[in-house]
Amino acid sequence: MSWKIDSVGLFYSCGEGMEVYFDPASGDTHLVSEFAAYLIRQIAGKNRPLDSEELISLIATDIEPADLPELIQAIPDILAELTSLDIVAQA
């Protein structure tokens, strides 16, 4: 499965593991986890659809090895939530 973002939004770090994300395409503001915001940035930064394996490869270089298995398991649920919020779309 591949993922894309049509318009890159703005982020504001709230601390405590959360960020506010403003989506300029919809005008909506969302409270997302820091990791969800990180995934949004990774997908938006490539300017092309990313498949799940590419996304995992990208994050593997930035995430502590001990945290990686847990975060990899969380990715499908996070992407599903971001899709339901119309932030991320399947390509």
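Reader: Which cut-offs decide whether a residue is buried or exposed?
Author: The terms rest on relative accessible area, computed with a 1.4 Å probe on protein chains only. Buried is under 20%, partly exposed lies in between, and exposed is over 50%. This is a predicted model in which local features need pLDDT of at least 70 and side-chain atom pairs count only at pLDDT 80 or more, while totals for chains, interfaces and linings use all residues. Residues are numbered from 1 along each chain as its sequence is written, and side-chain values use heavy atoms, with hydrogens and water left out. For Asn47 the relative accessibility is 72%, so Asn47 counts as exposed.

Reader: Where does Asn47 lie, and what is its phi?
Author: Strands (E, at least two residues) and helices (H or I, at least four) are DSSP runs numbered from the N terminus. Asn47 lies in the loop between α1 and β5. Most residues other than glycine have a negative phi. Asn47 instead has a positive phi, near 55 degrees.

Reader: Which residue takes a positive phi in the hairpin of β2 and β3?
Author: Strands pair if DSSP finds at least two bridges between them; β2 and β3 run antiparallel and are joined by 5 bridges. Tyr12 stands opposite Val20 in β3. The loop between β2 (10-15) and β3 (18-23) has 2 residues between the strands. With 82% relative accessibility counting as exposed, the residue with the positive phi near 55 degrees is Glu16.

Reader: Is His30 buried or exposed?
Author: His30 lies in strand β4 (residues 28-33). Contact means heavy atoms within 4.5 Å, and beyond its neighbours within four places in sequence His30 is in contact with Glu19, Val20, Tyr21, Leu85 and Ile87. Its relative accessibility is 11%, so His30 counts as buried.

Reader: What is the strand order in the open sheet of 3 strands, and which strands stand at the edges?
Author: The order is β5-β1-β6, with antiparallel pairing. Strand β1 (residues 2-4) pairs with β5 over 2 bridges, and the bridge partner of Ser2 in β5 is Asp51. Each edge strand has a single partner, so one side of each is left without a neighbour in the sheet; these are β5 (50-51) and β6 (89-90).

Reader: Which residues does Val88 contact, leaving aside its neighbours within four places in sequence?
Author: Val88 is among the core members that touch the most others. Its contacts are Trp3, Lys4, Ile5, Ile43, Leu79, Leu82 and Thr83.

Reader: At what angle do the axes of α1 and α3 cross?
Author: Axes are lines fitted to C-alpha atoms, for helices over the stretch in contact, and angles run from 0 to 180 degrees between N-to-C directions. Phe35, Ala36, Leu39, Ile40 and Ile43 in α1 meet Leu71, Ile75, Ile78, Leu79 and Leu82 in α3. The axes come within 10 Å. They cross at roughly 75 degrees, which makes α1 roughly perpendicular (65 to 115 degrees) to α3.

Definitions and conventions
Core = buried A, V, L, I, M, F, W, Y, C linked by side-chain atoms within 4.5 Å. Parallel < 35°, antiparallel > 145°, perpendicular 65-115°, else oblique.
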